[in-house]
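Reader: I would like to learn how to read a structural model with some care, taking one feature at a time. Could you begin with how a residue is judged to be covered or open?

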Amino acid sequence: FRRVLFRSKLAVVKDRLENGLTVRDAMIKYGIPSESSVKAWCRQYRESGESALVDKPRGRKPRVKKAE
């Protein structure tokens, strides 16, 4: 699994929505291995705009040591 940068996600979404690229064509053009990723990015963009495509921290939050 490789991370896709915000700029790349935005390019894929805009190409798909504004230029009418199919999901399959967008995957091939941008080298995205997963159809579901492209669909999810498009859905997130339609619902929340560009800010929805920004990477969010993943995994468990770091533990904070208590001050003694």
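Author: A residue counts as buried when its relative accessible area is under 20%, as exposed when that area is over 50%, and as partly exposed in between. Please keep in mind throughout that this is a predicted model.

Reader: Then is Ser-34 buried or exposed, or does Ser-34 fall in between?

Author: Ser-34 counts as partly exposed because its relative accessibility is 22%, and the cut-off for buried is under 20%. Ser-34 is found in the loop between α2 and α3, and although Ser-34 and Arg-24 are ten residues apart in sequence, their C-alpha atoms lie 9.4 Å apart in space.

Reader: Where is Arg-60, and is Arg-60 buried or exposed?

Author: Arg-60 belongs to the segment after α3, and Arg-60 is classed as exposed because its relative accessible area is 80%. Along the chain Arg-60 and Ser-48 are twelve residues apart, and 25 Å separates their C-alpha atoms.

Reader: How should I read the packing of one helix against another?

Author: Two packed helices are described by the angle between their axes and by the distance between those axes. Here helix α1, residues 6-19, packs with helix α2, residues 23-30, at an angle of about 145 degrees, and their axes are 10 Å apart. The crossing in which α1 passes α2 is right-handed.

Reader: Which residues make the contact between α1 and α2?

Author: From α1 the contact is made by Ala-11, Val-12, Asp-15 and Arg-16, and from α2 by Val-23, Ala-26, Lys-29 and Tyr-30.

Reader: How do I look at a helix by itself, and what is the span of α1?

Author: An α-helix has 3.6 residues a turn, so residues three or four places apart point the same way. In this model α1 has 14 residues and reaches 19 Å from its first C-alpha to its last, close to the 20 Å expected at 1.5 Å a residue. The buried residues of α1 are Lys-9, Leu-10, Val-12, Val-13 and Asp-15, and what covers them includes α2 and α3. After α1 comes Gly-20, whose phi is positive, near 75 degrees.

Reader: Which residues of α3 are buried, and what follows α3?

Author: Helix α3, residues 35-48, has 14 residues and reaches 20 Å from first C-alpha to last, close to the 20 Å expected at 1.5 Å a residue. Within α3, Val-38, Ala-40, Trp-41, Cys-42 and Tyr-45 are buried, and the cover over the buried residues of α3 includes α1 and α2. Gly-49 follows α3, and the phi of Gly-49 is positive, near 80 degrees.

Reader: Finally, which residues of the largest nonpolar core touch the most other members?

Author: This core has 14 residues, of which Val-12, Val-13, Ile-32, Val-38, Trp-41 and Leu-53 touch the most other members. The elements that give two or more residues to the core are α1, α2 and α3, and α3 gives the most, with four residues. Val-12 touches Ala-26, Tyr-30, Ile-32, Val-38 and Trp-41, when residues up to four places away in sequence are not counted.

Key: Residues numbered from 1 in each chain as written. Predicted model: local features only at pLDDT ≥ 70, side-chain atom pairs only at ≥ 80, totals over all residues. Heavy atoms only, no water. Axes fitted to C-alpha atoms, helices over the stretch in contact; angles between N-to-C directions. Left-handed = near helix turned anticlockwise from the far one by under 90°. Contact = heavy atoms within 4.5 Å. Expected span 1.5 Å × (residues − 1). Buried < 20%, exposed > 50% of the residue type's maximum accessible area, 1.4 Å probe, protein only. Core = buried A, V, L, I, M, F, W, Y, C linked by side-chain atoms within 4.5 Å.
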